[in-house]
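Dear colleague,

I am handing over the structure below, followed by notes on what was found in it. Please read them alongside the coordinates.

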Amino acid sequence: EVSSAAEIKPTKSDFSVKYIKVNLSHFPYESFNQKVIDFTYDSKAEPEGNALLFDWQNPTESVSFGYNTRIRTTNDIIKINKKIQFPLTGLPEELKQFTQPQITIESDNKEIIELASKLVQGENDMYVVVHKLAEWTKNNIEYDLSTLTAEVSQKASWVLENKQGVCDELTNLFISMLRSVGIPAKFVTGTVYTN
């Protein structure tokens with residue numbers, strides 16, 4: 001169950017709230033290792049992509065939003081049964097956006113390009129290339145919670161220079177290295193609850 005609410009508490013008698021909009025992102029979806037058994041949400045919500053959009057016009061008291069779901073996950077390992085030639089050629093148009101630099105994903109950074117190119121030099125199997133870049137990131141960047149800030153995720157170049165970071169930072173560098181050698185990579189995020 002994912003739910004929340006907002007209560008309107010006027011401080012003056014002549015208050016008005018024109019609207020409240022909520023974008024509840026990342027609800028469960030079907031994938032190779034996940035089956036949605038049931039999924040219910042408030043009729044006020046409009047599903048759009050992988051988000052529920054809630055919209056209240058002229059609310060006066062409180063609003064609530066959320067969903068209930070049951071999912072079944074499995075730990076199926078996807079078998080790689082054929083070699084994908086590297087470097088990639090004929091990339092579909094819809095994947096090209098995942099090869100471009102962004103603010104924290106600096107696939108156009110000179111040092112990142114040089115490192116990634118050196119690590120994959122001579123390889124012609126995309127699986128081997130991805131694995132080499134992942135292993136380098138895992139073995140050379142220290143997971144360090146002291147770098148965690150609520151305000152900002154560090155850029156890939158900062159992570160490479162300082163050799164430390166948290167999940168987002170390690171991912172920024174890994175994706176930057178993949179993109180720098182022409183492999184499309186998308187940043188996917190989520191929340192894990194632990195004790």
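Leu115 lies in helix 1 (residues 110-120), where helices (H or I, at least four residues) and strands (E, at least two) are DSSP runs numbered from the N terminus. This is a predicted model, in which local features need pLDDT of at least 70 and side-chain atom pairs count only at pLDDT 80 or more, while totals for chains, interfaces and linings use all residues. Residues are numbered from 1 along each chain as its sequence is written, and side-chain values use heavy atoms, with hydrogens and water left out.

Leu115 counts as buried because its relative accessibility is 18% (buried means under 20% relative accessible area, exposed over 50%, partly exposed in between, with a 1.4 Å probe and protein chains only). Not counting residues up to four places away in sequence, Leu115 touches Trp136, Leu160 and Met177, contact meaning heavy atoms within 4.5 Å.

Met177 is among the buried residues of helix 4. Ten of the 14 residues of helix 4 are buried, so this helix is largely enclosed by the rest of the structure, and its buried residues pack against helix 1, helix 2 (126-140), helix 3 (156-162) and strand 8 (164-165). Just after helix 4, Gly182 takes a positive phi of about 90 degrees.

Elsewhere, three strands form an open antiparallel sheet in the order 1-6-3, two strands being paired if DSSP finds at least two bridges between them. Strand 1 (2-7) and strand 3 (34-41) are the edge strands, each pairing on one side only. Strand 1 pairs with strand 6 (residues 62-73) over six bridges, and Ser4 stands opposite Phe65 in strand 6.

Best regards
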